[in-house]
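Okay, thanks for making time, everyone.

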Amino acid sequence: MATLHGWRAARVTPLGELYTPPRITAAVLRLTVQIVLVASLWHGLYAHTGTTAGLTRDQAVTYAVLAVLASRLRELDQYAARDTVVQHLHYGTIVYWYLRPLPPHRYYALRALGEQLYGFAWALTGYVICLAAGVVEPPGSAAVTGVFALSLLLGQWVLYYVMLLIDQLCFWTLRNDAAIMILIFAQNLLSGVYAPLWFFPDWFLTLSAFLPFQATLSVPLSLYVGRIPLSDAGAQLALQAAWVVALSLVTRFLWRRAARRVVSQGG
Amino acid sequence: MIGSIEVRGLSRTFHTTVRRPGFTGALRSLVNPERAVKHAVSDITFDVSQGELLALLGPNGAGKSTTIKMLTGILTPTSGEARVAGVVPYRERERNARNIGAVFGQRTQLWWDLPVRESFAILRDIYEVPRAEHAARLREFDDILELSTFWDTRVRHLSLGQRVRCDLAAALLHDPMVVFLDEPTIGMDVVVKEQVREFLRHQVEERGRTVLLTTHDMTEVERLAERVVLINHGRLVLDGTLDEIRRRFGSTWQVRATLADPHTPVGPLPGIVLVRRDGPQVVFGPDGPAAPTVHTALKLVIERYEVTGVAVDEADLEDVMRAAYVHANAEAV
Ligand SMILES: Nc1ncnc2c1ncn2[C@@H]1O[C@H](COP(=O)(O)OP(=O)(O)OP(=O)(O)O)[C@@H](O)[C@H]1O
Ligand SMILES: [Mg+2]
């Protein structure tokens, strides 16, 4: 009950977007352009060879297009809504988060959930269109679909915590734009949005194995295209779940410290 | 007890790092930071009873906002204690949140991207207010604050006055017993200010809410508050009625009377001296700390003498407060 009573906070992002049609048009345009570009890029790269890094052309294109779609899950124009932690700290409106019977961490989680569900609706629509147009391949089997869905869910969960961590940083630094830029780049690079991870040198893969970014996108997408076989899926899912647990502990600790920080600073 | 505020010896100290000027100064601050202690609020004690509106006054930097932050539970005091509607706000933040409403003048709690009514609906859910009750309360607020003309507009498109009116409504939607308002009428035009005052009067008198308000607008204080607490440099200077403050710091009134008979002998009245006499024209002024208010003085003069005309000059509250702030400053030094 305690969680449910503020569920409407989850509607903030979708409502805000619906009230601003230009943002939706821009999103459609950007997504279309990105997909067309990515698909033609990979088609071009495969023009003279059949397989690279153990992947056929169609697998590579599918991976890249899915990566673009998934990155849409949580990449909204957050600043426009003035409801980011950094803005609330800047305007001093963070005090209201601590004046309501809904604890800040729960409000934040509800907001993020709404945002991710909204992004998911976009990604799903894009996926269905791409599937119908033959840009992406369907998953290999029902089992692959199930494992992929589970892995994607866990991946988004990890992503949620990573973004939360960056937002929590603001309570101490008051700004996080540099951190966000690094995060977005690292996130896109290490999770395989720019190029599938297996094209990178070994040392890079080793480094990235110690960071949570692979768990967000690379793992679910690799499962989808079959780069990670179903036999390895269990271990990968467990790793993702481990990241969820670890990050949830860290962020919970930081919420407590942040509250004390607000209490001593006075917003 | 139910909707009262009790403040006992409340203090708050801030520790800050002194920033030295210039480049070398900045470097030195980095290597060897110099810590400074700021006593924002020192040992403040006062009470506000249920259904009372109290104005917390003081010059810029006096510690008003800091006090309000402690009473809303955002800040923890360094020492002392406070109870709001029986709850220690900084210890039981969530329980306290249900009892109080707050507006921090320049900061909005509304959702920037959404129409105002959506913000109200989100707050309704967060505070678990039944729908019918919510609708009835919105109608009541709309009657005085005229919100319906703009409550379908998105917050980003509201004017300042409209936004603050919405913020005021938002803070009261869950029917809180105690309301904290930190400069609620900042930047409003006179018509809107009057609307807000009427609204607050209504909330205090008809709904029995307890209101603690800070403002720099003395007209507002005069129209709304019976009692004020004056603080300066974090210390409580005075806790009393407006009349008491006038008596203490604003002894600059004069009562000018024209006597019916210019030969009437005129002497001093209790707490009143004869300042000047010119035939039938007499001027009275206050005498010492026990001087009555200008209204009492006027009554006394009319009762005692037969007059054909009277006029009063009174230092307005603005002047009185200026005197009070200067006085408090002198005491602090
Ligand atoms: N977080 C903080 N860190 C350090 N000093 C602070 C902090 N918050 C307030 N102060 C200091 O405490 C004193 C009281 O500040 P406060 O905001 O309570 O004043 P105020 O009475 O609300 O003034 P105003 O009328 O300008 O709003 C000021 O000198 C201020 O600089
Ligand atoms: Mg203030």
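So, look at A:R8 and B:D125: the two form a salt bridge, with the closest N and O atoms 2.5 Å apart. Bear in mind that this is a predicted model, so a salt bridge here just means a Lys or Arg side-chain nitrogen within 4 Å of an Asp or Glu carboxyl oxygen. As a reminder, side chains of opposite charge can pair when their charged atoms come close.

How many salt bridges are there between chain A and chain B? The count is 3. For the whole structure, over all chains, the search finds 26. Another one to look at is A:R23 with B:D113, where the side chains meet at 2.9 Å, N to O. That pair crosses between chains: A:R23 sits in helix α2 of chain A, residues 21-45, while B:D113 is in the loop between β5 (100-104) and α4 (116-126) of chain B.

Let's zoom out to the interface. We have 36 residues of chain A in contact with 35 residues of chain B. About 3100 Å² is buried between the two chains, and carbon and sulfur atoms give 57% of that. Which three residues supply more than any other three of the area that chain A buries against chain B? They're A:Y96, A:L99 and A:P101, and together they supply 22% of it.

On the polar side, the rule finds 10 residue pairs in polar contact across this interface, counting pairs with both residues at pLDDT 80 or more. As for what chain A brings to the side touching chain B, helices α1 (12-18), α5 (94-97) and α12 (230-265) each supply at least two residues. Of these, α12(A) gives the most, with 5 residues. Sort that side of chain A by class and you get 20 nonpolar, 10 polar and 6 charged residues.

While we're on α12 of chain A, have a look at A:W243, which lies in that helix. What does A:W243 touch, leaving aside its neighbours within four places in sequence? The contacts are A:V158, A:F210, A:L211, A:P212 and A:A215.

Now over to chain B. The domain assignment gives domain 1 as 5-246 and domain 2 as 251-314. Taken over C-alpha atoms, the centres of those two domains are 42 Å apart.

Let me take the strands in order. B:R227 stands opposite B:T241 in β9(B). The two strands make a hairpin with 2 residues between them, and B:H233 in the turn has a positive phi of about 50°.

Further along there's β12(B), residues 281-286, which pairs antiparallel with β10(B), residues 254-259, over 4 bridges. Within that pairing, B:T258 is opposite B:Q281. β12(B) also pairs antiparallel with β11(B), residues 272-278, this time over 6 bridges. Here B:R277 has B:V282 as its bridge partner.

Definitions and conventions: Residues numbered from 1 in each chain as written. Chains lettered and ligands numbered in written order. Predicted model: local features only at pLDDT ≥ 70, side-chain atom pairs only at ≥ 80, totals over all residues. Heavy atoms only, no water. Contact = heavy atoms within 4.5 Å. Buried area = accessible area lost by both parts, 1.4 Å probe. Polar contact = N/O pair within 3.5 Å; in protein donor to acceptor, adjacent residues only side chain to side chain. Nonpolar A, V, L, I, M, F, W, Y, C, P; charged D, E, K, R; others polar. Pairing = 2+ DSSP bridges. Domains from an automatic or database assignment.
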